[in-house]
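Student: I am new to this structure. Please take me through one part of it closely: the place where the two chains meet.

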2 protein chains.
Amino acid sequence: MYVSLARLRVSAERADELIGAFRRRAKLVDGFEGFVDLEVWQSDRDPCELTMVSRWTDRASFTRYMRSAAHRASHDRIDPGLDAEIKLERLEHLHVVAR
Amino acid sequence: MYVSLARLRVSAERADELIGAFRRRAKLVDGFEGFVDLEVWQSDRDPCELTMVSRWTDRASFTRYMRSAAHRASHDRIDPGLDAEIKLERLEHLHVVAR
């Protein structure tokens, strides 16, 4: 299984707004082939650090999604003011090797 | 839900050995109250970087496990030579805030 981990940073004022946007997400990805699940994690130590974790059956499915109209539509739903203030700090690609 | 994320580093020679140890783990944690699941992720870019991710119903359950005999017994199963070469690079505590 493939894991995409995106580390996002927002201001303290914007953190709850971004969490709210994730909670109201359109769930367009949920029906996408190869998608397993998605979670958003907030750091206990630093509430401005949010990690978006998505799991996929394989990397190719993730890549197909990232290039899809569904991904563009999901992204376009984000308020432009909020979107402009989200800083992508780190993007990681990993594989599940044990459970 | 609470997430504990431990970023581990081993030498290229030891990476497969550590993955094997995780695959053969005693699963003592699996019956522990509050435990949800555990995965080990290997970075695509850097195979020496392994991330141990465990999910718990709440942080108190994780803390109880870390102080338990089950945790000590699990840790004591690791080959001392391997254990000595595992570097804990980062330990993070997070909460699931959206899905």
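Tutor: Start with the strands. Strand β4 (residues 87-98) of chain A pairs with β2(B) in the antiparallel sense, over 4 bridges. Strands here are DSSP runs of E, at least two residues long, and helices are runs of H or I, at least four long, all numbered from the N terminus. Two strands pair if DSSP finds at least two bridges between them.

A word on the basis. This is a predicted model, in which local features need pLDDT of at least 70 and side-chain atom pairs count only at pLDDT 80 or more, while totals for chains, interfaces and linings use all residues. Residues are numbered from 1 along each chain as its sequence is written, chains are lettered from A and ligands numbered from 1 in the order in which they are written, and side-chain values use heavy atoms, with hydrogens and water left out.

Now the whole contact (heavy atoms within 4.5 Å). Chain B gives 33 residues and chain A gives 33 residues. Together they bury about 2600 Å², 46% of it on carbon and sulfur atoms. Buried area is the accessible area (1.4 Å probe) that two parts lose on being put together, summed over both. In chain B, the most area is lost to chain A by B:W41, B:V97 and B:R99, together 26% of what that side buries.

B:R99 also forms a salt bridge with A:E39, side chain to side chain (3.1 Å, N to O). The rule asks for a side-chain nitrogen of Lys or Arg within 4 Å of a carboxyl oxygen of Asp or Glu. It finds 10 salt bridges across this interface.
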